[in-house]
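Keep the viewer handy and go point by point.

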Amino acid sequence: MNDFPDGFFDRADPADDREFYLPPRFVQHIDEGAIAAASAFYDEIGTTGRVLDLMSSWVSHLPRRPEHLTVLGMNRAELAANEMAHEAVRHDLNADPVLPFADATFDACVCTVSVDYLTDPVAVFAEVGRVLVPGGVFATTFSNRCFPTKAVRGWLASDDRTRVAIVGEYFRRSGAFDTPVARDCGAPGDPLYAVWARTPTG
């Protein structure tokens, strides 16, 4: 992809995200088949050490509780209800893309069905690269389900194949990762796609 067009990261609802995410939503945003596909994928890439669940909620779609799980999201009640979490951090990445963690804090980072809401994704991806150890993995999974008023316009205007390319471009432009890899996770109902990459080791 070339430069993102003007208005790509605009949203139908530009109001403060804290207002939108103030009421807790204890619901699943993808169906059981897509949830199972996400869990199997995260198991395959390795999410057993120190893991950051980015833009998280009351459920982390990991196959099992890792050594230490930090969940970062917008709603305190949802984060507090996450039974896998060891630590919960409320942080609005669209207001401030800088992650409140030291360099090389995590072995892995996941972002499940939320990458479409980022208004400055390249900055966020660069921050994820900073807080990962060398060789650490950042994995994004996404479907065609979303809150349409909060997803960026460029995402809503794209098909699934283009969305895979968009996320790959976020990785490349961040300058923090090796070449990203993409996959159709083959979920039987809601589609699920994964794009992931590792931080350089040399």
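1. A word on terms before anything else: a residue is called buried when its relative accessible area is under 20%. By that cut-off, buried residues make up 51% of the 202 residues in the protein chain. Do keep in mind that this is a predicted model.

2. The protein chain has six helices and seven strands, and from the N terminus on they run α-α-β-β-α-β-β-α-β-α-α-β-β. The radius of gyration is 15 Å, close to the 17 Å that the globule rule gives for 202 residues, so the chain is as compact as a globular protein of that length. Along its principal axes, the C-alpha trace spans about 40 × 40 × 35 Å.

3. Two more whole-chain numbers. If you take the contacts between residues at least 6 apart in sequence, 65% of them join residues at least 24 apart. The chain exposes about 9,100 Å², and carbon and sulfur atoms supply 50% of that area.

4. Next, have a look at helix 2, residues 32-45. Its 14 residues reach 20 Å from the first C-alpha to the last, close to the 20 Å expected at 1.5 Å a residue. After the helix comes glycine 46, whose phi is positive, near 100 degrees.

5. Which residues of helix 2 are buried? They are Gly33, Ala34, Ala37, Ala38, Ser39, Phe41, Tyr42 and Ile45. What covers them includes four strands you can pick out by number: strand 4 (106-112), strand 5 (132-142), strand 6 (181-184) and strand 7 (193-198).

6. Helix 4, residues 121-131, can be read in the same way. Its buried residues are Pro121, Val124, Phe125, Glu127, Val128, Gly129 and Val131. The cover over them includes strand 1 (50-56), strand 4, strand 5 and helix 6 (160-174).

7. Then there are the rings: the structure holds 17 aromatic pairs. One of them joins phenylalanine 4 and tyrosine 170; it is tilted, with 5.9 Å centre to centre and 50 degrees between the planes. Phenylalanine 4 lies in the segment before helix 1 (17-20) and tyrosine 170 in helix 6, so this pair ties together parts that are 166 residues apart in sequence. Both phenylalanine 4 and tyrosine 170 are buried.

8. Another pair worth a look is phenylalanine 125 with phenylalanine 138. Their ring centres are 4.9 Å apart and their planes stand at 65 degrees, so the pair is edge-to-face. It links distant parts of the chain, with phenylalanine 125 in helix 4 and phenylalanine 138 in strand 5, 13 residues apart. Phenylalanine 125 counts as buried because its relative accessibility is 1%, and phenylalanine 138 is buried with a relative accessible area of 0%.

9. Both pairs turn up again in one aromatic cluster, formed by Phe4, Phe8, Phe9, Phe125, Phe138, Tyr170, Phe171 and Phe177.

10. Glutamate 78 is a charged-residue name to look up in helix 3 (residues 76-80). Why does glutamate 78 count as buried? Because its relative accessibility is 10%, and the cut-off is under 20%. Its side chain makes a polar contact with the side chain of serine 57, at 2.7 Å.

11. Move on to the loop between strand 4 and helix 4, where you will find serine 114. Serine 114 counts as buried, at 9% relative accessibility. Leaving aside residues up to four places away in sequence, serine 114 touches Met55 and Thr141. Histidine 29 and serine 114 are 85 residues apart in sequence, with 9.9 Å between them in space, C-alpha to C-alpha.

12. Last, two backbone angles to check. Methionine 55, one of the residues that serine 114 touches, sits in strand 1 and has a positive phi of about 55 degrees although it is not a glycine. Valine 113, in the loop between strand 4 and helix 4, has a phi near 45 degrees, again a positive value in a residue other than glycine. Valine 113 counts as buried, at 11% relative accessibility.

Key: Residues are numbered from 1 along each chain as its sequence is written. This is a predicted model: local features need pLDDT of at least 70, side-chain atom pairs count only at pLDDT 80 or more; totals for chains, interfaces and linings use all residues. Side-chain values use heavy atoms; hydrogens and water are left out. The expected span of a helix is 1.5 Å times one less than its number of residues. Buried means under 20% relative accessible area, exposed over 50%, partly exposed in between (1.4 Å probe, protein chains only). Contact means heavy atoms within 4.5 Å. A polar contact is a pair of N or O atoms within 3.5 Å; within protein, one must be able to donate a hydrogen and the other to accept it, and residues adjacent in sequence count only if both atoms are side-chain atoms. The radius of gyration is taken over C-alpha atoms; the globule rule is 2.2 Å times the number of residues to the power 0.38. Accessible areas come from the Shrake-Rupley method with a 1.4 Å probe; for residues, only the protein chains shown count as cover. Rings of Phe, Tyr and Trp (its six-membered ring) pair if their centres lie within 6.5 Å; planes under 30 degrees apart count as stacked, over 60 as edge-to-face and the rest as tilted.
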